[in-house]
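Dear colleague,

Please find the structure below, handed over for your records. My notes on what was found in it follow directly after.

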Amino acid sequence: MKTLIYNLPVILDFLNERIPGGSFEKGLPCVGMLEDGKLVGAVAYNHYTGNAILMHVAGAKRGWVTRKFLRAAFNYPFHQLGCTRVTGLVRTDNPVAQDFDERIGFKREGLIREGDDDGCDLILYGMLKRECRWID
């Protein structure tokens, strides 16, 4: 059985283990997906500007994402905060994450050359509220 959990330190620890250079500090808003009591996926948010926010997603395996998780993940920035834009950054050496972002509706907007801590290029993804199919 899959269950959502919110704003627990274990979610940020999960993301820090899976995202290179991750430094998600305690207190950041986050959502986790439990499957049979084990954390299998998560999202956290930072760099909120009042209009936009940066979203970070990681999973432990394929197939962990549910519609319920996506609705929760996009409800927070678009409805609770009132953002009109969500931004994501994906390493160019992570085609699985690129495919994930594009399948859920993010648009590829640009390249940040040598943008990650180790010099890896980052792909800039964006989703506007009016484009998001996961919210009402």
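Three elements, strand S4 (52-59), H2 and helix H3 (95-104), each supply at least two residues of the lining of the largest cavity. Helices (H or I, at least four residues) and strands (E, at least two) are DSSP runs, numbered from the N terminus. This is a predicted model, in which local features need pLDDT of at least 70 and side-chain atom pairs count only at pLDDT 80 or more, while totals for chains, interfaces and linings use all residues. Residues are numbered from 1 along each chain as its sequence is written, and side-chain values use heavy atoms, with hydrogens and water left out.

Cavity

The search of the whole structure gave one cavity of 30 Å³ or more. A cavity here is a set of points, on a 1 Å grid over the protein atoms alone, where a 1.4 Å probe fits but cannot get out; lining residues have an atom within 4 Å of a point. The largest cavity holds about 30 Å³ of space, a volume being the space filled by probe spheres set on the points. Its lining consists of Val43, Met55, Val57, Phe69, Leu70, Ala73, Phe74, Phe100 and Ile104. H2 gives the most to this lining, with four residues. The lining residues divide into nine nonpolar, no polar and no charged, where Ala, Val, Leu, Ile, Met, Phe, Trp, Tyr, Cys and Pro count as nonpolar.

Aromatic pairs

Four aromatic pairs were found in the whole structure. Rings of Phe, Tyr and Trp (its six-membered ring) pair if their centres lie within 6.5 Å; planes under 30 degrees apart count as stacked, over 60 as edge-to-face and the rest as tilted. The rings of Tyr45 and Tyr76 are tilted, because their planes stand at 45°, with centres 4.9 Å apart. This pair links distant parts of the chain, 31 residues apart: Tyr45 lies in strand S3 (residues 38-46) and Tyr76 in helix H2 (residues 67-80). Trp64 and Phe69 form an edge-to-face pair, with ring centres 4.8 Å apart and planes at 75°. Both Trp64 and Phe69 are buried (under 20% relative accessible area, 1.4 Å probe, protein chains only). Phe74, Phe78 and Phe106 make up one aromatic cluster.

Cysteines

The search returned zero disulfides, a disulfide being a pair of cysteine sulfur atoms within 2.5 Å. For Cys30, the nearest cysteine sulfur is that of Cys83, 16 Å away. Cys30 is buried, with a relative accessible area of 2%. Cys83 is also buried, at 0% relative accessibility.

With kind regards

Notes: Buried < 20%, exposed > 50% of the residue type's maximum accessible area, 1.4 Å probe, protein only. 1 Å grid on protein atoms, 1.4 Å probe; cavity = no way out; pocket = protein on both sides within 12 Å on 5 of 7 lines; lining within 4 Å.
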